[in-house]
Amino acid sequence: MVVVTGQNKVSATPDDAMSSSDAEDDFQEPATPTATQAAQALPLLPQQFPEVVPLNVGGMFFTTRLSTLRRYEDTMLAAMFSGRHYIPTDAEGRYFIDRDGTYFGDILNFLRSGDLPPRERVRSVYKEAQYYSIGPLLDNLEDIQPLKGEKVRQAFLGLMPYYKDHLERIIEIAKLRAMQRKARFAKLKVCVFKEEMPITPYECPHFNSLRFERSESEAKLFEHHCEVDVSFGPWEAVADVYDLLHCIVTDLSARGITVDHQCIGVCDKHLINHYYCKRPIYEFKITWW
């Protein structure tokens, strides 16, 4: 006889009885899931956004249409507000983006009507456009000043593969000397020369391009290193020594370093016969505070 109580079956006959191990092999009741496990097991529903979206970008408030944020599908904003990702809200229900909102208005103006920022904000908006991966805005900004000019400048600096290394050397030498002398500023000598061969008053009337007029054995007679801290050159481009000096000062200033420079003469090292090195030497003064 089998007695059924609720959902539990109890067998009273030996033939119908099973051992506990056999019963476990045939059927094991699953354990009751915890609340955390249950939440993880449920798929997250797509997040729904209103047609007019209130935004809190780093504490600055904006309001725009959902279609504006989704203007270009390959951007971070379009992905964030696609419904596939969860966007937290602040106490007022605004969707929160943890980013400085100073230039977010410029981002929205481009998404709304293609407007570009004024020149003084181009570099900063460009960084924000990189963060939000807005390709069309990046392309437009790269075609206007100052970014267009920066592309030309970088093409020129690409002729000198050690340019950035030399900048770092200038900074390190100036810092070390200022610390050793407990001084507010430090001075160092920098050579900037365009021509591969030294030019003297004797050579100028006779040679247009010295490196093509001399044989290899003759060229070795003029090989030397000027006694300076850092040396830039040579390079082949229309841009001259003053253009490179401008690049050096600009890039140091962009790092918050105050720099003054002046030409203090030429190397004037004797090479052979009446030939002397006439590469210009500049004194750089780095002020730390």
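**Entry 1**

I started with helix 9 and helix 12, which pack at an angle of about 60° with their axes 11 Å apart. Angles under 35 degrees would count as roughly parallel and 65 to 115 as roughly perpendicular, so I note helix 9 as oblique to helix 12. The crossing of these two helices is right-handed. A reminder to myself before going on: this is a predicted model.

Next I listed who touches whom. Helix 9 brings Tyr163, Leu167, Ile170 and Ile171, and helix 12 brings Leu244, Cys247, Ile248, Asp251 and Leu252. By class I get eight nonpolar residues, no polar ones and one charged.

**Entry 1: the aspartate in that contact**

Is aspartate 251 buried or exposed? I looked it up: its relative accessibility is 15%, and the cut-off for buried is under 20%, so aspartate 251 counts as buried. This residue sits in helix 12. I then asked which residues aspartate 251 is in contact with, leaving aside its neighbours within four places in sequence. The list reads Arg153, Leu157, Tyr163 and Leu167. Tyr163 and Leu167 are also on the helix 9 side of the helix contact.

**Entry 2: the sheet under helix 9 and helix 12**

I followed both helices to the sheet they lie on. Helix 9 (residues 163-181) lies across strand 6, strand 7 and strand 11, and runs at about 150° to strand 6. Helix 12 (residues 241-254) lies across strand 6, strand 7, strand 8 and strand 11, and its angle to strand 11 is about 15°.

The sheet itself is open, with four strands in the order 7-6-11-8 and mixed pairing. Its edge strands are strand 7 (230-232) and strand 8 (258-266), each pairing on one side only. From one strand to the next, the twist averages 30°.

Strand 6 (residues 185-192) and strand 11 (residues 280-287) run antiparallel and are joined by seven bridges. One pair I wrote down is lysine 187 with its bridge partner in strand 11, lysine 285. For reading side chains along such strands, I keep in mind that in a regular strand they alternate between the two faces of the sheet.

How many bridges join strand 3 to strand 4? I found six, with the two strands running antiparallel. Valine 53 has threonine 64 in strand 4 as its bridge partner. The hairpin of strand 3 and strand 4 has two residues between the strands, and glycine 58 in this hairpin takes a positive phi near 60°.

On the strand 5 side, strand 3 (residues 52-57) pairs in the parallel sense over three bridges. There, valine 57 has isoleucine 97 as its bridge partner.

**Entry 3**

I looked up its buried residues and got Phe104, Asp106, Ile107, Leu108, Phe110 and Leu111. An α-helix has 3.6 residues a turn, so residues three or four places apart point the same way.

What do the buried residues of helix 5 pack against? My list has strand 3, strand 4, helix 3 (66-69), helix 4 (76-80), helix 6 and helix 7. Just after helix 5, I spotted glycine 114 with a positive phi of about 80°.

**Entry 4: helix 6 against helix 7**

Those last two helices on the list got an entry of their own. Helix 6 (residues 122-131) and helix 7 (residues 135-142) pack at an angle of about 155°, with axes 9 Å apart. Angles over 145 degrees count as roughly antiparallel, so helix 6 and helix 7 are roughly antiparallel to each other. Helix 6 passes helix 7 in a left-handed crossing.

For the contact, I found Val122, Val125, Tyr126, Ala129 and Gln130 of helix 6 meeting Leu137, Leu138, Leu141 and Glu142 of helix 7. By class, this contact has seven nonpolar residues, one polar and one charged.

Notes:
Residues are numbered from 1 along each chain as its sequence is written. This is a predicted model: local features need pLDDT of at least 70, side-chain atom pairs count only at pLDDT 80 or more; totals for chains, interfaces and linings use all residues. Side-chain values use heavy atoms; hydrogens and water are left out. Two strands pair if DSSP finds at least two bridges between them. Axes are lines fitted to C-alpha atoms, for helices over the stretch in contact, and angles run from 0 to 180 degrees between N-to-C directions. Contact means heavy atoms within 4.5 Å. A crossing is left-handed if the near helix is turned anticlockwise from the far one by less than a right angle, and right-handed if clockwise. Ala, Val, Leu, Ile, Met, Phe, Trp, Tyr, Cys and Pro count as nonpolar, Asp, Glu, Lys and Arg as charged, and the others, Gly among them, as polar. Buried means under 20% relative accessible area, exposed over 50%, partly exposed in between (1.4 Å probe, protein chains only).
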